[in-house]
Amino acid sequence: MEPTEAIIVTTRLRLRSWRMADGDAFAALHADPEVMRDYGGPIDRSESDAKFARYHAAFAEHGYARWVIEERNGAFLGYAGCAPAVSGHPLGPHTDIGWRLVRSAWGRGYATEAARASLDDVFARLRLPRVLAYTAPDNMRSQAVMKRLAMQRDAARDFSVPFRAGTWQGLVWVAASER
């Protein structure tokens, strides 16, 4: 049984909570080598399913998580949104924002539109004071979205973590509530 569905509607998009039926589209997104280049390559179905389960459960537990992004006609475009950081994160407890879109949706401003709606939601509904974003130094697409969202670079929070066969470096950006 699905929990009550949460929805945010923007000019061109619909952001909604996860349904169990979204697992296949979610896994296909994670199987695309170009989409997953910033992550070091595709992830397998079991890893995608584990991430899917975390996102699905976060809505029930916290009232927010990454949202499914759809066109108004219901076509799956990817995900974007704010979520509680994973336990044991090097920056400690916080909320972060992230996004990942199918290649056909790149370059259309969808990530910015969806991320802005998600930030507006957590700042207004949950009264969060700030949200962090992080990306690899070579992920210029995500850095451009962060700039369009008027996020501020915070180099003092940059971090590195062991990842796959090496180390991942995260450049940190901050969005602050205007309350």
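Author: Start with T10, which touches L15, R72, E113 and A117 when residues up to four places away in sequence are not counted; contact means heavy atoms within 4.5 Å. This is a predicted model in which local features need pLDDT of at least 70 and side-chain atom pairs count only at pLDDT 80 or more, while totals for chains, interfaces and linings use all residues. Residues are numbered from 1 along each chain as its sequence is written, and side-chain values use heavy atoms, with hydrogens and water left out.

Reader: Where does T10 lie, and is T10 buried or exposed?

Author: T10 lies in the loop between strand 1 (7-9) and strand 2 (13-16). Helices (H or I, at least four residues) and strands (E, at least two) are DSSP runs, numbered from the N terminus. Buried means under 20% relative accessible area, exposed over 50%, and partly exposed in between, with a 1.4 Å probe and protein chains only. T10 has 12% relative accessibility, so it counts as buried. T10 and A117 are 107 residues apart in sequence, yet their C-alpha atoms are 7.1 Å apart in space.

Reader: Which polar contacts does the side chain of E113 make?

Author: A polar contact is a pair of N or O atoms within 3.5 Å; within protein, one must be able to donate a hydrogen and the other to accept it, and residues adjacent in sequence count only if both atoms are side-chain atoms. The side chain of E113 joins that of T10 at 2.4 Å and that of R12 at 2.7 Å. E113 is found in helix 3 and is buried, with a relative accessible area of 15%. Leaving out residues up to four places away in sequence, E113 touches T10, T11, R12 and L13.

Reader: What does D32 contact?

Author: D32 has its place in the loop between helix 1 (23-31) and helix 2 (45-62). Apart from neighbours within four places in sequence, D32 is in contact with P42 and R103. With R103 there is a side-chain to side-chain polar contact of 2.8 Å. D32 counts as buried, at 15% relative accessibility.

Reader: How should I read the two faces of a strand, and which residues of strand 5 point each way?

Author: In a regular strand the side chains alternate between the two faces of the sheet. From strand 5, T95, I97, W99 and L101 point one way, and D96, G98 and R100 the other. Seven of the seven residues of strand 5 (residues 95-101) are buried, so this strand is largely enclosed by the rest of the structure. Two strands pair if DSSP finds at least two bridges between them. Strand 4 (residues 76-84) pairs with strand 5 in the antiparallel sense, over seven bridges, and A80 stands opposite W99.

Reader: How is a pocket found, and how many residues line the second largest pocket?

Author: Rolling a probe the size of a water molecule over the atoms shows where empty space is left. On a 1 Å grid over the protein atoms alone, a pocket is an open set of points where a 1.4 Å probe fits, with protein on both sides within 12 Å along at least five of seven lines; lining residues have an atom within 4 Å of a point. The second largest pocket is lined by 13 residues, of which L119, F123, L149, A176 and E178 lie nearest its centre. The elements giving two or more residues to this lining are helix 3 (110-125) and strand 9 (166-176), and helix 3 gives the most, with four.
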